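Q: I would like to go through this model step by step. Could we begin with the aromatic residues?

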Amino acid sequence: MNTFVKGISVALLLVVSAAAGFFAYQSTQYDFKTLDNSTYRWADLDDSWVIVNYFAPWCAPCLREMPELNALSQQLPANTHLFAINYDAQTLEQMQEMKTRFSIELPLIVSEPNTQLPMEKPPYLPATFIIGPSGKVVDTVLGEVSAGMLKERLAKLKNAS
């Protein structure tokens, strides 16, 4: 084998290795993950509506609205996702215990240093954010919500867009 062919082979091998490394790196990147270890990127949620509810186990209105959020999670409109995130950072074990104790059925976002959400932490609880297909917050509800209220707000936002 001549040196030219060897050189091309080595160069091709380097390009293939670099591409594989890049794709492997990209596949491990995410904006947030949930307690069940599912990972999400906002770019992959394009064309979707996302509802994020901030809550805490010490917040009585938050616990009152959780059955409503559970119900909504079972009957989400098409292209809609619903997540909850605890206001205070907790270990995975604490989160799992809280999920069981309060019968939380919707996906819980794990608050990590690299968690990327399109909103700031709210000033008080409960707080619910509706993120449009553009990835931007289009509605904020500070205070207790119901499944009906959120479905109605979502329908109005979808019709307006």
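Q: Which residues do ring pairs link into a cluster?
A: Ring pairs join Phe32, Tyr40, Trp42 and Phe83 into a cluster. Rings of Phe, Tyr and Trp (its six-membered ring) pair if their centres lie within 6.5 Å; planes under 30 degrees apart count as stacked, over 60 as edge-to-face and the rest as tilted. The model is predicted: local features need pLDDT of at least 70, side-chain atom pairs count only at pLDDT 80 or more, and totals for chains, interfaces and linings use all residues. Residues are numbered from 1 along each chain as its sequence is written, and side-chain values use heavy atoms, with hydrogens and water left out.

Q: How many aromatic pairs are there by this rule?
A: The count comes to 7 aromatic pairs. One of them is Phe32 with Phe83, an edge-to-face pair at 5.1 Å centre to centre with 85° between the planes. This pair links distant parts of the chain, with Phe32 in strand S1 and Phe83 in strand S4, 51 residues apart. Helices (H or I, at least four residues) and strands (E, at least two) are DSSP runs, numbered from the N terminus.

Q: Are Phe32 and Phe83 buried or exposed?
A: Both Phe32 and Phe83 are buried. Buried means under 20% relative accessible area, exposed over 50%, and partly exposed in between (1.4 Å probe, protein chains only).

Q: And what kind of pair do Tyr54 and Phe129 form?
A: Tyr54 and Phe129 form an edge-to-face pair, 6.1 Å centre to centre and 80° between the planes. Tyr54 lies in strand S3 and Phe129 in strand S6, so the pair ties together parts 75 residues apart in sequence. Tyr54 counts as buried at 6% relative accessibility, and Phe129 counts as buried at 7%.

Q: Which residues touch the most other members of the largest nonpolar core?
A: Tyr54, Phe55 and Leu117 do, in a core of 41 residues. A nonpolar core is a set of buried Ala, Val, Leu, Ile, Met, Phe, Trp, Tyr and Cys residues joined through side-chain atoms within 4.5 Å. S3 gives the most to this core, with 6 residues.

Q: What does Tyr54 touch?
A: Not counting residues up to four places away in sequence, Tyr54 touches several residues, including Cys62, Ile85, Leu117, Met119 and Phe129. Contact means heavy atoms within 4.5 Å.

Q: Turning to the sheet, what is the strand order?
A: The order is S5-S4-S3-S6-S7, in an open sheet of 5 strands with mixed pairing. Two strands pair if DSSP finds at least two bridges between them. The edge strands, each pairing on one side only, are S5 (108–109) and S7 (137–142). S6 (residues 127–131) pairs with S7 in the antiparallel sense over 5 bridges, and Phe129 stands opposite Thr140 in S7.

Q: Which strands does helix H4 touch?
A: Helix H4 (residues 147–160) packs on the sheet and touches S3, S4, S6 and S7, with its direction at about 155° to that of S7. Axes are lines fitted to C-alpha atoms, for helices over the stretch in contact, and angles run from 0 to 180 degrees between N-to-C directions.

Q: Now Lys33: buried or exposed?
A: Lys33 counts as buried because its relative accessibility is 14%. Lys33 lies in strand S1 (residues 32–33).

Q: With which side chain does Lys33 make a polar contact?
A: The side chain of Lys33 makes a polar contact with the side chain of Glu112 (3.5 Å). A polar contact is a pair of N or O atoms within 3.5 Å; within protein, one must be able to donate a hydrogen and the other to accept it, and residues adjacent in sequence count only if both atoms are side-chain atoms.
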